[in-house]
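This briefing concerns selected local features of one structure. Please examine the sequence and the model together before reading on.

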Amino acid sequence: TEILFGARPQAPSVEEQAEVYASIGHTIGGPVTIRTWDAGGDKPLAFLPSEHEANPALGERGIRTMRRVRGLFADQLRAIALAARQTPLRVMFPMVTTPDELRWARGVLDEVLADVGPVDLPVGIMVEVPAAALGASEFAGLVDFVSVGTNDLAQYTLAADRTNAAVAGLLPPDAPSLFTLIGLTRAGLPGIPLAVCGDMAGDPSATARLLALGVTELSVSPPRVPTIKQAVRHVGASL
């Protein structure tokens, strides 16, 4: 959603957001996951200026920012809920570290749904912070699905800013610690859909290992889809 609206000087209206989200859902024809505003760090929003931070990667990002601008967050959730009445959608919260953050977000969503009316809207989180992976079981009963964001997870796990070329070599997409954290996420949340996105998801050399860990969905850029599909088929054929 930052790509859709991030350069605008003013926040989009609820109606405008709902129209865009529904249009995407109708075009794709399947369940679409809408990640709520992930403002901060490398995803600035022109209509949501933030103060300078010495280390923005570890500062106010994602759900942390939304707690400061609750009205803006509620408007986006309202737009998603309205669009979900027209096409299958899921809502996903980024930069979640603790269950309390998710409870707060779900509380805002519950207030929105109480006004909009009931709608089928599965709720998920991005697992980008090692603490969320290590404590995945604490989110049981609060999430319908999770998506492991391996790019951010790598930078927080390996203490290397992913926007800093000087330490880029410390962020291999196949770092063993990342597979460990994905495995812990699966073990802590058995039975729910587990997605992986980021560079690791689009790396065919990692596909077999991710599937073995119980990953059920790989989110990749469109040009990578055929390659990853082939890798998945190869794993299936070898079973």
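Predicted model: local features only at pLDDT ≥ 70, side-chain atom pairs only at ≥ 80, totals over all residues.

In which helix is the place of Gln76? Gln76 belongs to helix 4, which covers residues 70-84.

**Gln76 and its surroundings**

- Gln76 is classed as buried because its relative accessibility is 0%, and the limit for that class is under 20%.
- The side chain of Gln76 forms a polar contact with the side chain of Tyr21, at 3.2 Å.
- When neighbours within four places in sequence are set aside, the contacts of Gln76 are Thr1, Gln17, Tyr21, Arg35, Thr36 and Trp37.

- Gln17 is located in helix 2, which comprises residues 14-28.
- With a relative accessibility of 1%, Gln17 is likewise counted as buried.
- Beyond the neighbours within four places in sequence, Gln17 contacts Phe5, Pro12, Trp37, Asp75, Gln76 and Ala79.

**Gly149 in strand 4**

- Strand 4 spans residues 145-149 and includes Gly149.
- The relative accessible area of Gly149 is 6%, so this residue is buried.

**Helix 7 and helix 8**

- Helix 7 consists of residues 150-158 and helix 8 of residues 176-188; their axes approach within 10 Å and cross at roughly 115°.
- Because angles of 65 to 115 degrees count as roughly perpendicular, helix 7 is described as roughly perpendicular to helix 8.
- The crossing in which helix 7 passes helix 8 is right-handed.
- On the side of helix 7, the contact is made by Thr150, Leu153, Ala154, Thr157 and Leu158; helix 8 contributes Ser177, Leu178, Leu181 and Ile182.
- Sorted by class, the residues in the contact of helix 7 with helix 8 are 6 nonpolar and 3 polar, with no charged residues.

Conventions: Residues numbered from 1 in each chain as written. Heavy atoms only, no water. Axes fitted to C-alpha atoms, helices over the stretch in contact; angles between N-to-C directions. Helix = DSSP H or I, 4+ residues; strand = E, 2+ residues; numbered from the N terminus. Parallel < 35°, antiparallel > 145°, perpendicular 65-115°, else oblique. Left-handed = near helix turned anticlockwise from the far one by under 90°. Contact = heavy atoms within 4.5 Å. Nonpolar A, V, L, I, M, F, W, Y, C, P; charged D, E, K, R; others polar. Buried < 20%, exposed > 50% of the residue type's maximum accessible area, 1.4 Å probe, protein only. Polar contact = N/O pair within 3.5 Å; in protein donor to acceptor, adjacent residues only side chain to side chain.
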